[in-house]
Amino acid sequence: MTNIADILNLENPILRGFLFYNALLVVKCMAMSVLTARQRFKSKAFANPEDAALQNVKVRTDDNVERVRRAHLNDLENIPIYFVASFGYMLTNPSVTLALNLFRAFTAARFVHTFVYAVCVIPQPARGFSWAIGYFITGFYGRTNCLSFPSLI
Amino acid sequence: MTNIADILNLENPILRGFLFYNALLVVKCMAMSVLTARQRFKSKAFANPEDAALQNVKVRTDDNVERVRRAHLNDLENIPIYFVASFGYMLTNPSVTLALNLFRAFTAARFVHTFVYAVCVIPQPARGFSWAIGYFITGFYGRTNCLSFPSLI
Amino acid sequence: MTNIADILNLENPILRGFLFYNALLVVKCMAMSVLTARQRFKSKAFANPEDAALQNVKVRTDDNVERVRRAHLNDLENIPIYFVASFGYMLTNPSVTLALNLFRAFTAARFVHTFVYAVCVIPQPARGFSWAIGYFITGFYGRTNCLSFPSLI
């Protein structure tokens with residue numbers, strides 16, 4: 001049994017990578033709010049009457065705003081569960097190289113996903129492929145954690 | 001005061017249960033993407049023009065797709081806050097039996113919620129009841145954590 | 001290098017504040033479900049046919065329900081990433097006063113955000129301002145974490 005103090009240790013490169021790449025993902029999610037606001041002002045499409053009134057327009061939806069919102073919702077569907085799964089994975093005492101490369105791949109895939117979905121729309125399978133990389137990494141963590149910490153169900 | 005090293009310890013059954021059941025919940029959330037995709041292809045109802053074009057259809061919404069998406073959104077509303085609340089609860093040094101049974105009850109309730117909402121629709125109160133079990137467990141954690149770690153507000 | 005055992009220690013006021021304020025935020029998010037249900041019954045606007053049938057009405061949307069749901073979605077966009085960012089921030093060994101005041105400011109800002117968005121609608125910039133406080137605190141954590149735990153990207 002690994003001593004958890006060797007894992008939750010600020011000299012452990014896996015913990016440092018976990019904190020660094022998760023901070024990048026947090027900043028990426030935050031960027032979605034800016035992208036949404038930018039599209040809302042560009043197309044004058046606001047969701048709240050009090051916001052629309054400030055621009056002398058009526059509440060309406062707009063395809064480009066909805067596209068950014070779908071990209072944001074996709075983040076909410078995929079990133080919080082990744083945080084939890086990767087925390088558990090870190091405690092399974094994985095190899096440093098594999099763990100850091102999975103953090104990098106997930107983070108890069110989510111940046112690409114947002115870019116091809118909501119910044120500069122690129123034909124499929126760019127979006128599906130970048131989504132799938134993140135999905136399978138989270139799934140690999142989920143499987144590893146279930147097998148590493150069996151409980152009497 | 002409990003030593004936290006006794007809690008964050010891979011031989012502690014509560015930590016092992018925390019990691020195991022959270023991994024199951026992560027996998028359950030992931031399944032929502034498969035359920036949504038399955039309904040989208042079945043009813044040929046896609047949210048993005050580039051996806052609809054691949055199937056030679058127009059963007060449209062469909063009641064069965066929206067139902068799965070509501071179930072998924074309900075997960076996003078309930079499961080991430082449960083993760084945070086249960087992490088805090090684990091640090092209050094609860095009884096092993098109670099903690100593991102709450103993990104099991106929450107996890108089972110969320111699986112049932114998805115099943116009766118989006119896989120095989122069963123009349124109320126099946127959905128409300130399974131939702132409420134998860135809700136009250138999270139509320140119990142929230143209350144326990146507020147009382148266990150008082151801060152000068 | 002700080003010893004992580006000095007941070008993840010139940011006598012550390014930062015960890016206690018982290019757990020206490022996060023529990024308050026969890027309870028605040030839970031309140032959104034009650035606010036949504038209250039509006040749904042008040043305006044008899046339900047999302048599921050089986051719920052609407054129990055009240056002898058048809059499925060429909062309602063502006064007041066949608067307003068509460070937007071406030072809830074805003075929580076989902078902002079609070080889970082805050083949890084992750086503040087966990088990393090706690091491990092950067094910040095000053096106790098600053099850390100606790102940031103926890104307090106974020107928590108208060110999100111309570112105000114919900115109040116002015118979905119309970120008692122107050123003209124802008126009340127909502128924008130309370131949202132921005134939370135947003136910039138999360139951004140400050142993200143920046144601090146990226147600089148404190150550099151990884152070879």
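Q: What makes residues 18–37 of chain A a helical span?
A: In this predicted model, the span is 100% helix and 0% strand, where helices (H or I, at least four residues) and strands (E, at least two) are DSSP runs, numbered from the N terminus. Its end C-alpha atoms lie 30 Å apart.

Q: How do you know which residues and atoms are meant and counted?
A: Residues are numbered from 1 along each chain as its sequence is written, while chains are lettered from A and ligands numbered from 1 in the order in which they are written. As this is a predicted model, local features need pLDDT of at least 70 and side-chain atom pairs count only at pLDDT 80 or more, whereas totals for chains, interfaces and linings use all residues; side-chain values use heavy atoms, with hydrogens and water left out.

Q: How do you know what confidence the predictor has in chain A?
A: Look at pLDDT, the predictor's confidence in each residue, from 0 to 100. Chain A averages 92, and 97% of the residues score at least 70. The model as a whole scores ipTM 0.92 and pTM 0.94.

Q: What makes residues of chain A and chain C count as in contact?
A: Contact means heavy atoms within 4.5 Å. By that test, 32 residues of chain A are in contact with 33 residues of chain C. The two chains bury about 2800 Å² between them, 70% of it on carbon and sulfur atoms; buried area is the accessible area (1.4 Å probe) that two parts lose on being put together, summed over both. In chain A, the residues that lose the most area to chain C are A:L10, A:F20 and A:M30, together 22% of what that side buries.

Q: Why is the pair C:R127 and A:D51 called a salt bridge?
A: The term asks for a side-chain nitrogen of Lys or Arg within 4 Å of a carboxyl oxygen of Asp or Glu. In this pair the closest N and O atoms are 2.8 Å apart, so the pair meets the rule. The count between chain A and chain C is three salt bridges, and over all chains the rule gives 20. C:R127 lies in helix 6 (residues 126–148) of chain C and A:D51 in helix 3 of chain A, so the pair joins two chains.

Q: How do you know what kinds of residue chain B presents to chain A, and from which helix the largest share comes?
A: First, the interface: 32 residues of chain B are in contact with 33 residues of chain A, and six residue pairs are in polar contact (both at pLDDT 80 or more). Helix 2 of chain B gives the largest share of the side that touches chain A, 16 residues. By class, that side has 20 nonpolar, six polar and six charged residues. Here Ala, Val, Leu, Ile, Met, Phe, Trp, Tyr, Cys and Pro count as nonpolar, Asp, Glu, Lys and Arg as charged, and the others, Gly among them, as polar. A polar contact is a pair of N or O atoms within 3.5 Å; within protein, one must be able to donate a hydrogen and the other to accept it, and residues adjacent in sequence count only if both atoms are side-chain atoms.
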